[in-house]
Amino acid sequence: MPIHYIYLLVAVIAETIGTTALQASQQFSRLLPSLIVLFAYGFSFYMMGLTLKVMPVGLVYAIWSGLGIVTIAAIGYAVFGQRLDLPAIFGMSLILIGILIIHLYSDSSHH
């Protein structure tokens, strides 16, 4: 796997940690989760910046946000008991399909 994809994957993981901590921060009223939010988002953007040296911003953002949405939905279900209805699950499936199409068939993944 090329290093820029690893950077992007790390950015997605950091973003999902930050978003999970955002829920746990209770509107920034709890210090530790609030600090985790700030660090995780900052680190995620740094890793995205490294990815942008190789890939165009549109693709990076599409993959980062799409994987983040799906991962956060899974964490919301597992950790916070948040349920999704069938249309939401279908929509997120389309997001994953879009990411796969970009990854497997697009020649735009390099500048």
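Leaving aside neighbours within four places in sequence, which residues is Val10 in contact with?

## Val10 in helix H1

In this predicted model, Val10 is in contact with Phe43 and Met47 once its neighbours within four places in sequence are set aside. Val10 lies in helix H1, and its relative accessible area of 27% makes it partly exposed, because that value falls between the 20% under which a residue counts as buried and the 50% over which a residue counts as exposed. Val10 and Gly98 are 88 residues apart in sequence, and their C-alpha atoms are 20 Å apart in space.

## Thr16 in helix H1

Thr16 also has its place in helix H1, but here the relative accessible area is 6%, so Thr16 is buried. When residues up to four places away in sequence are not counted, Thr16 touches Gly68, Thr71, Ile72 and Ile75.

## The largest nonpolar core

The largest nonpolar core holds 13 residues, of which Leu8, Ala11, Met48, Met55, Val60, Ile63 and Trp64 touch the most other members. Two or more residues of this core come from each of helix H1 (3-24), helix H2 (31-51) and helix H3 (57-80). In soluble globular proteins, nonpolar side chains tend to be buried together.

Note on methods: Residues numbered from 1 in each chain as written. Predicted model: local features only at pLDDT ≥ 70, side-chain atom pairs only at ≥ 80, totals over all residues. Heavy atoms only, no water. Core = buried A, V, L, I, M, F, W, Y, C linked by side-chain atoms within 4.5 Å. Buried < 20%, exposed > 50% of the residue type's maximum accessible area, 1.4 Å probe, protein only. Helix = DSSP H or I, 4+ residues; strand = E, 2+ residues; numbered from the N terminus. Contact = heavy atoms within 4.5 Å.
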